[in-house]
Structure formats: C-alpha cells, structure tokens
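Hi,

Here is the structure I promised to pass on. Have a look, and my notes on its charged side chains follow below.

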Amino acid sequence: MTSYAVTVSREEPWWVAVVAGLPGGATESRRLDQLEVEVRDLIAGLTDTREDEVDLEWSYALPATLERSVREFVEARSRRQAAERDYAAAQERAVGALTAAHVSVRDAAELLGLSYQRVSQIRPRRGGGTNRAKAASRPAHAN
C-alpha cells in the first residue's frame with residue numbers, strides 16, 4: 001500500500017487538499033467530509049491505482065487562531081476521556097468495596113449518588129457469571 005501525505009487548507013469557500021510529491025495532486029471540496037473521496041479519486045486517476053490501495057496521512061494548515069482553538073478542543077476532549085475512564089474505574093472500585101462490605105444495592109446507590117439500577121449493572125456478580133447466565137442455566141419449570 002502506498003502512503004501519501006495530504007495537506008489541507010481553507011480557501012474560502014473551498015477546502016483544498018494538496019498531495020505531497022504528486023504532480024497535479026491538488027483537489028478541492030466545499031465540505032471537509034467529502035474531501036477524502038476527492039483525494040482518493042485524484043490519486044487513483046493520477047497513479048492508475050485503486051482508491052483503496054492508498055494510505056493517507058492528513059495534516060491541516062489552518063490560520064493560527066483556528067489551529068489554537070482546534071488544538072485546545074482536542075486536548076480538552078482527551079482530558080475528558082481520561083477523566084471518564086478514571087470515573088468509571090473509581091465507580092467500579094467503590095461499588096466493589098461496598099458489595100464486599102455487604103452494603104445493599106439501594107444503600108450503595110444512595111452513598112454514591114447513582115441509581116440502584118446502575119449499581120446493579122456495575123456490581124460484581126457472585127460466582128463470576130452474570131444474572132442472565134445464571135437465569136439461563138436454571139431448569140425451566142413445566143406449567
């Protein structure tokens with residue numbers, strides 16, 4: 001698979017993509033989400049290869065104020081995702097500790113500010129299985 005570096009810039013009202021090292025390798029689109037299709041089509045036409053046989057490495061040449069705003073957002077999103085992972089892990093540890101201490105689901109929910117349904121979802125199952133697995137393993141009663 002051949003790899004191409006693509007630099008995207010904004011030239012109102014267009015998004016312009018330039019493929020490095022490919023003579024004639026420039027295309028444009030009014031919408032950013034349509035640019036990849038245009039670039040793949042361009043490369044395929046210029047190199048006589050299939051569109052799915054190229055790997056694209058994207059970079060964006062934005063004005064400094066836009067680049068800063070985008071970077072700040074991406075960094076904030078990364079911090080949020082890390083915080084969400086930390087929150088989920090802390091939630092599981094707290095529910096596990098409360099379960100091990102034989103605190104009821106409803107009391108654990110009250111202590112943690114969660115719904116009792118959420119605590120039930122997180123709560124470690126006895127015997128390592130889930131409630132569904134246990135229910136499925138029970139014999140059915142004839143009526």
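Let me start with aspartate 33, which counts as exposed at 55% relative accessibility (buried is under 20% relative accessible area, exposed over 50%, partly exposed in between, with a 1.4 Å probe and protein chains only). Its side chain meets that of arginine 31 in a salt bridge of 2.6 Å, N to O, where a salt bridge is a side-chain nitrogen of Lys or Arg within 4 Å of a carboxyl oxygen of Asp or Glu. Arginine 31 is partly exposed, at 45%.

Some background: this is a predicted model, in which local features need pLDDT of at least 70 and side-chain atom pairs count only at pLDDT 80 or more, while totals for chains, interfaces and linings use all residues. Residues are numbered from 1 along each chain as its sequence is written, and side-chain values use heavy atoms, leaving out hydrogens and water.

How many salt bridges does the structure hold? There are seven. Among them is the pair arginine 10 and glutamate 12, at 3.3 Å, N to O; arginine 10 is partly exposed at 32%, whereas glutamate 12 is exposed at 65%. Another joins arginine 50 and aspartate 52, at 2.8 Å. Shared partners link Arg50, Asp52 and Glu53 into one salt-bridge network.

Finally, Glu11, Glu28, Glu38, Asp41 and Glu51 form a negative surface patch (residues with over 30% relative accessible area and no salt bridge, like charges being joined within 9 Å). Of these, glutamate 28 is partly exposed, at 40%, and lies in strand β3, residues 26–29 (strands are DSSP runs of E, at least two residues, numbered from the N terminus).

Happy exploring!

Notes:
Patches are made of residues with over 30% relative accessible area and no salt bridge: like charges are joined within 9 Å, nonpolar side chains (Val, Leu, Ile, Met, Phe, Trp, Tyr) within 5 Å. Accessible areas come from the Shrake-Rupley method with a 1.4 Å probe; for residues, only the protein chains shown count as cover. Lys and Arg count as positive and Asp and Glu as negative; His and the chain ends are not counted. The place of a charge is taken as NZ of Lys, CZ of Arg, CG of Asp or CD of Glu. Helices (H or I, at least four residues) and strands (E, at least two) are DSSP runs, numbered from the N terminus.
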